[in-house]
Amino acid sequence: MEAILSGLELLLQPLPLLMLFSGVIGGIVVGALPGLTATMGVAILVPFSFGMEPVPGLLMLLGLYAGAIYGGSVSAILINTPGTPSAAATIIDGTPLFNRGEAGRAIGMATFASVFGGIGSAIFLVTLAPLLSRFALAFSAPEYFSLAVLGITIIGSISSGSLAKGLLSGCIGLIIATIGMDPIQGYTRYTFGTVNLMGGVPFIPALIGLFAVSEAITQFERLVEPIKEEVNLKKLIPSLSDVKRVIRTMLKSTVIGTFVGALPGAGGDIASFVCYNEAKRSSKHPETFGTGEIEGVAAAESGNNASTGGALIPTLSLGVPGDSVTAIIIGALMVQGLRPGPLLFRDHLDIVNALFIGFIAANVFFGIFGLMMAGFLSKLIMISKRSLIPIIMVLAIVGSFAMQNNVFDIFLMLILGIFGYLVRKINVPLGPIVLALILGPMVEENFRKSLVMSYGDYSVFLTRPISAVLLLLALISVVTTLIRERKGKHIPGTE
Amino acid sequence: MFKKAEIVFGGAAVLFALLFFILAGNFPGARGHDVGMAFYPRVLSILIIVLSVIVILQGITRKETESESRESLFYTEDKGVQRVVLLILATLIYPYLLQYAGFLILTPVYLGFLMWVIKAGKAKKILFLALLTTVLIYVVFQRLLKIPLPTGLFYN
């Protein structure tokens, strides 16, 4: 009890609250603007958080995270373009609802579902993270290796395109991640003499290039018709009948979303599609999905916001990122001297509690702000989709430059952007590459450490129970995807 | 076109993996129980080659879908590809020139050019948006967030 009070004490001060509010509002805007993703937003703001105390700095990032994952739904519904990758599934029923003149109903439900999913996952976070952190003491090199392998395998299995393409994409990402200093001895590999690659391929410019720039290039190639209509934003508050219709799905999606978010590397984009597909599959009227079924919007949006709390679980308890945003947040935590894991919960429980409460508050705030801002946001987005793309390019360039103050990073962003643009044409998913860049070093470092620890005995990965279970899950994921491919069904992709 | 592109991609991936495999020959080898610097990249290159072969075979053997036989790989109507080339060129020149001329001067030019290419609207609207965006980004990043933007010779 006193731990909660000390957390509140840290939270209820002017600066932390201000940072939380600005983070949420900024997050909603960032999420709503296509091309700016939650990850980019967090990445760009992280340096700003270094100069602050841990609680306000991290609250800003958490607020932005929650707000952005919600904000993506607005542009998904209004202009048929996901503001962030995690809103891609929202388009399926969001756009038809907009076309029917029910944009307000869709946005209202998206808001409600997002808040529901976010708070639900926060409850899981608060209860499970401390438990899991104690479990973390059983985690050693083999377990971290297997966990990282599981993350990449699952993404490769679930992403769009064939299983082979997904795994190929993941392996390409893994080998690119070997560029730079090796994780054990610092020997530089594949740098071709340039200093710029000694630290490896910088993750943020790579991410910005692969997602934002490739999307911009695609939009330049095929011009979209500018939209001129007025948007009807009436009926924002979900009706009772709508709520009754979607409540079961929202509960299920919250659980699924939290779980998917907790898987290393898997984030809102995967979660939203898994939840959407599950809602459609288990529905009594699957044929309505895709025509403007409000349940589809609810499933996708509660799923993707649930993944935020879920992603924070392994992040705080194990130091393993649940998705790309939390990968950055781990960096921010370390700079503040807060090492994720059991020690965090033992020595800094007040900070952890402040973050927990703040995270729950963020989920409430974006709901309130989102509804208030709906009118403003819709005008902002509809100004002109075509003007947005060049603006996004500039933001991408600035974002890539800002991390290391290095022009080389901008060119890297462009190269990967062109690569992403080309590769998307043949349905090769980009998600696995990004994940591999995040988890890659973890894979190699722990693989080699495990072998040193076991004196060269490879069976260590299978004789240790946790590691064996994780690898088994990875195998199951591959096999079930293979079976599904044989049968001809396949989950419509995420990127 | 799509099937051919998949095969080309698979082939490129094989070459890419071979490059990494060969270059790893220079890395220090195993020491004690550590497998060394070359082991992991080499295992990955082999995996990539195997998976690429699968992708190539899948590309050869599968049937072309309806949408694929209708569309071409690159959107050549309405000068789509030309726009892409212009975007890439502009995005190469702009960062290069940033070392010399600084953010505030070049960004409106870059933005204006791209907006014109993408046909975003009339000249006045483009000019206004380009300048407004530049100023906003400058204020938010350089002033508020204290994140330095590329400056040019004039500032130094």
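A residue counts as buried if 20 or more other C-beta atoms lie within 10 Å of its own, exposed if 12 or fewer, and partly exposed in between, with C-beta atoms placed from the backbone. Keep that in mind.

This is a predicted model: local features need pLDDT of at least 70, side-chain atom pairs count only at pLDDT 80 or more, and totals for chains, interfaces and linings use all residues. Residues are numbered from 1 along each chain as its sequence is written, and chains are lettered from A in the order in which they are written.

Chain B, then. An automatic or database assignment gives domain 1 (2-70) and domain 2 (77-144). Their C-alpha centres lie 37 Å apart.

Now the interface. In contact means C-beta atoms, placed from the backbone, within 7 Å. By that rule, 56 residues of chain B touch 51 of chain A. Helices here are DSSP runs (H or I, at least four residues), numbered from the N terminus. Helices 1, 2, 4, 5 and 6 of chain B each supply at least two residues of the side touching chain A. That side has 41 nonpolar, 10 polar and five charged residues. Nonpolar means Ala, Val, Leu, Ile, Met, Phe, Trp, Tyr, Cys and Pro; charged means Asp, Glu, Lys and Arg; the others, Gly among them, are polar.

Take helix 5 of chain B. Its buried residues include B:Phe103, B:Pro108 and B:Tyr110. Expected span is 1.5 Å times one less than the number of residues. Helix 5 of chain B has 15 residues, so it should span 21 Å, and its end C-alpha atoms are 21 Å apart, which agrees. B:Lys119 follows helix 5, with a positive phi near 55 degrees.

Technical notes
Two residues are in contact if their C-beta atoms, placed from the backbone, lie within 7 Å.
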